[in-house]
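Hello,

Here is the structure you are taking over.

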Amino acid sequence: MNDASLILVTRPVQLAADRPAEQDGFVVADPHSSQLRVLDLGATRGDGIFETVSVTGGHAHALEPHLARFAYSAKLLDLPQPDLDVWRNAVAAAIANHPPVPEMFVKLVLTRGIEGGDIPTAWVYGEQSGDFSAARTEGIRVVTLDRGYRHDVAKTSPWLLQGAKTLSYAVNRSAIREAKRRGADDVVFVSSDGFLLEGPSSTLVLRNGNRIRTPKTDQGILAGTTQASAFEFFEAEGFETSFEMIALEELAAADAAWLLSSVRQAAPVRSADGLDLAVDADLTGRLNDHLLSSPN
Ligand code: PLP
C-alpha cells in the first residue's frame, strides 16, 4: 500500500436524470504519478474549489458539513453541482486505500477542467497529517492583517467569491509569509472597516468569561466545521456561544482566543500583534480531545 492515496473522481457532478449512472464514479490511481493536464483551469487560474477533511482512526470528521460547504462553493462559482454520493464514497475509498494512521487528511478538489471544455476535473487525495502538537499545546502568535474588503463584501461584490472555498489561495499563503516576516505564525484577517474575520485557513473563536464568540459568517468568511464541533463542546461545558460582529480591539481584550481548523484543530492564540494572551492549557486540551474524537 502507498504512503498516500489518490482517487480520481470520474463522475464528480450530477448527471441529467435521464442518464443512468453505471459505475461508482471514481477509480483508484497512483498518487505518485502525474494526473493533471497543464491546461487545467485549476492549475492555470485557481478556478475550482476544495475541502480538507480530518480523519482519525479511519473516521472522516464532519464529512456532511464539509460536503455541504463543497456544494455551496460550487454554487458560488457557477460550477455544476457535485454528486455528493459519489464524493462520499470516494472519500471512503481514499481512507480505505491509505495505511492506518492515527491522523490523516483527505482533500477533495473539483476544478472547472480544461479551458474550453465542460468536463470538471476532480480527485480526492489522502495523506498522513503533520505533527501539530506544538501549535495545539504551546499555541501560536498571530498578527492582524487588513483583508482590504468591507465586512459586507459578500453582499456588495459577490463576484469576489469571499466565503467560497476556492483553489485561489495565493493571497492566503502570502498573508502567512507576511506573518512570518513580522515574527508571528498565523494571521487574523480584519475587514477594512475594522471587524475581526478569520484566519487564512481557520476560524477565530474568542472567550470572554463564560461567553464564546466567533465572527458572523455573512462577512465573506467560511462557516467553519471545526468551529461548529467546538461550539458543541463549549455548550456542553456550560458556555454561551454566539456569532457576532466583533471589533478588532476585542482580540487583545479577550480572555482567550483560538484559531480552529480541520487537521490542526484548536490552536490557542498566545499573542496577538505582540500582546500576550493567556493560554488555558486544560480547556484547550479538552477541546482538542473533543475535536479529535468527535463522532460527527
Ligand atoms: N476559513 C478559511 C478561509 C479556511 O480555509 C478554513 C479551512 O481551511 C477555515 C476557515 C476553517 O474551516 P474548517 O474548520 O471547516 O476546516
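The ligand has 17 residues around it, and those that come nearest are Lys165, Tyr169, Thr225, Thr226 and Ser262. Please keep in mind that this is a predicted model.

In threonine 225, an N or O atom of the side chain is 2.6 Å from an oxygen atom of the ligand. In threonine 226, a polar side-chain atom lies 2.5 Å from a ligand oxygen. With serine 202 the backbone takes part: one of its N or O atoms lies 3.5 Å from a nitrogen atom of the ligand. As for area, the ligand taken alone exposes 390 Å², and the protein buries 95% of that.

Which elements give two or more residues to the shell around the ligand? They are helix H2 (63-76), strand S9 (198-199), strand S10 (202-208), helix H7 (225-236) and strand S13 (256-261). By residue type, the shell around the ligand divides into ten polar, four nonpolar and three charged residues.

Next, the helix pairs. Two packed helices are described by the angle between their axes and the distance between the axes.

H2, one of the elements named above for the shell, packs with helix H3 (residues 84-96) at an angle of about 135 degrees, and their axes are 11 Å apart. H2 is therefore oblique to H3. The crossing of these two helices, H2 and H3, is right-handed.

H7, also named above for the shell, packs with helix H8 (residues 281-293): the axes of H7 and H8 come within 10 Å and cross at roughly 120 degrees. That makes H7 oblique to H8. The crossing of H7 and H8 is right-handed.

Regards

Definitions and conventions. Residues numbered from 1 in each chain as written. Predicted model: local features only at pLDDT ≥ 70, side-chain atom pairs only at ≥ 80, totals over all residues. Heavy atoms only, no water. Near = heavy atom within 4 Å. Polar contact = N/O pair within 3.5 Å; in protein donor to acceptor, adjacent residues only side chain to side chain. Areas by Shrake-Rupley, 256 points an atom, 1.4 Å probe, with all protein chains shown as cover. Helix = DSSP H or I, 4+ residues; strand = E, 2+ residues; numbered from the N terminus. Nonpolar A, V, L, I, M, F, W, Y, C, P; charged D, E, K, R; others polar. Axes fitted to C-alpha atoms, helices over the stretch in contact; angles between N-to-C directions. Parallel < 35°, antiparallel > 145°, perpendicular 65-115°, else oblique. Left-handed = near helix turned anticlockwise from the far one by under 90°.
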